[in-house]
Amino acid sequence: MEILFLLSGLCLGFVVSFLILKSGKQKLLAAFEREKQASEQVFLQQKFEVEKEKLVFQDRNQSLLKEKEELLLQVEKLRAENGIQNQQLARAEADFGNLQEKLESQKKEMENLQQKFTTEFESIAAKILKQNTVEFSASNQKSITELLYT
């Protein structure tokens, strides 16, 4: 009988221990579930914030891509204008060089004409002077002869 009491005490101890452990396990499971729900809530909130930031970054990326395209168009436009201006500059430099050569040739031509005119003027002046001298001499001689014979 004592063995029976002992066995019944042991069985009762196991049952009570089992119930106590089961109760502790349920408390732990309940605490775990609360933590799990809190973690999921934090996770969902962080996921929402990340999605929100992702949208902000996508908008920023789109605006930067648009700005990049506009800047590339401006660069192309400026390159085209630069090419046109370089062509105009090359033409202007060529024209300037041609005009410089023309001016130099005209200067030489003017110097040659001036030299020619100077030579012709000297020649004509010498002829006139010679002719006037001859006429003046003849006129003087005639006047002296007339004076002497009168």
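The following legends describe close-up views of a predicted model of one protein chain.

**Figure 1. Overall form of the protein chain, which contains one helix and zero strands.** The radius of gyration of the protein chain is 62 Å, well over the 15 Å that the globule rule gives for 150 residues, so the chain is more spread out than a compact globule. Along its principal axes, the C-alpha trace spans about 210 × 25 × 20 Å. Helix 1 covers residues 2–149.

**Figure 2. Surface and charge of the protein chain.** Buried residues account for 0% of the 150 residues. The accessible surface amounts to about 14600 Å², and carbon and sulfur atoms contribute 62% of this area. The side chains include 21 positive and 23 negative ones, and 6 Å separates the centres of the two sets.

**Figure 3. A nonpolar surface patch formed by Ile 3, Leu 6, Leu 7, Leu 10 and Phe 14.** Together, these five side chains present about 550 Å² of accessible area. Ile 3, one of the members of the patch, is located in helix 1. Ile 3 has a relative accessible area of 60% and is therefore classed as exposed, the cut-off being over 50%.

**Figure 4. The salt bridge between Glu 76 and Arg 79.** Side chains of opposite charge can pair when their charged atoms come close. Glu 76 and Arg 79 are three residues apart in helix 1, so about one helical turn separates them. Glu 76 is partly exposed, at 47% relative accessible area, whereas Arg 79 counts as exposed, at 56% relative accessibility.

**Figure 5. Ala 126 and its separation from Glu 104.** Ala 126 lies in helix 1. With a relative accessible area of 44%, Ala 126 is partly exposed, because this value falls between the 20% limit for buried residues and the 50% limit for exposed residues. Glu 104 is 22 residues away from Ala 126 along the chain, and the C-alpha atoms of the two residues are separated by 32 Å.

Key: Residues numbered from 1 in each chain as written. Predicted model: local features only at pLDDT ≥ 70, side-chain atom pairs only at ≥ 80, totals over all residues. Heavy atoms only, no water. Patch = residues over 30% accessible without salt bridge, like charges linked within 9 Å, V, L, I, M, F, W, Y side chains within 5 Å. Areas by Shrake-Rupley, 256 points an atom, 1.4 Å probe, with all protein chains shown as cover. Salt bridge = Lys/Arg side-chain N within 4 Å of Asp/Glu carboxyl O. Helix = DSSP H or I, 4+ residues; strand = E, 2+ residues; numbered from the N terminus. Buried < 20%, exposed > 50% of the residue type's maximum accessible area, 1.4 Å probe, protein only. Rg over C-alpha atoms; globule rule 2.2 N^0.38 Å. Lys, Arg positive; Asp, Glu negative; His and termini not counted. Charge placed at Lys NZ, Arg CZ, Asp CG, Glu CD.
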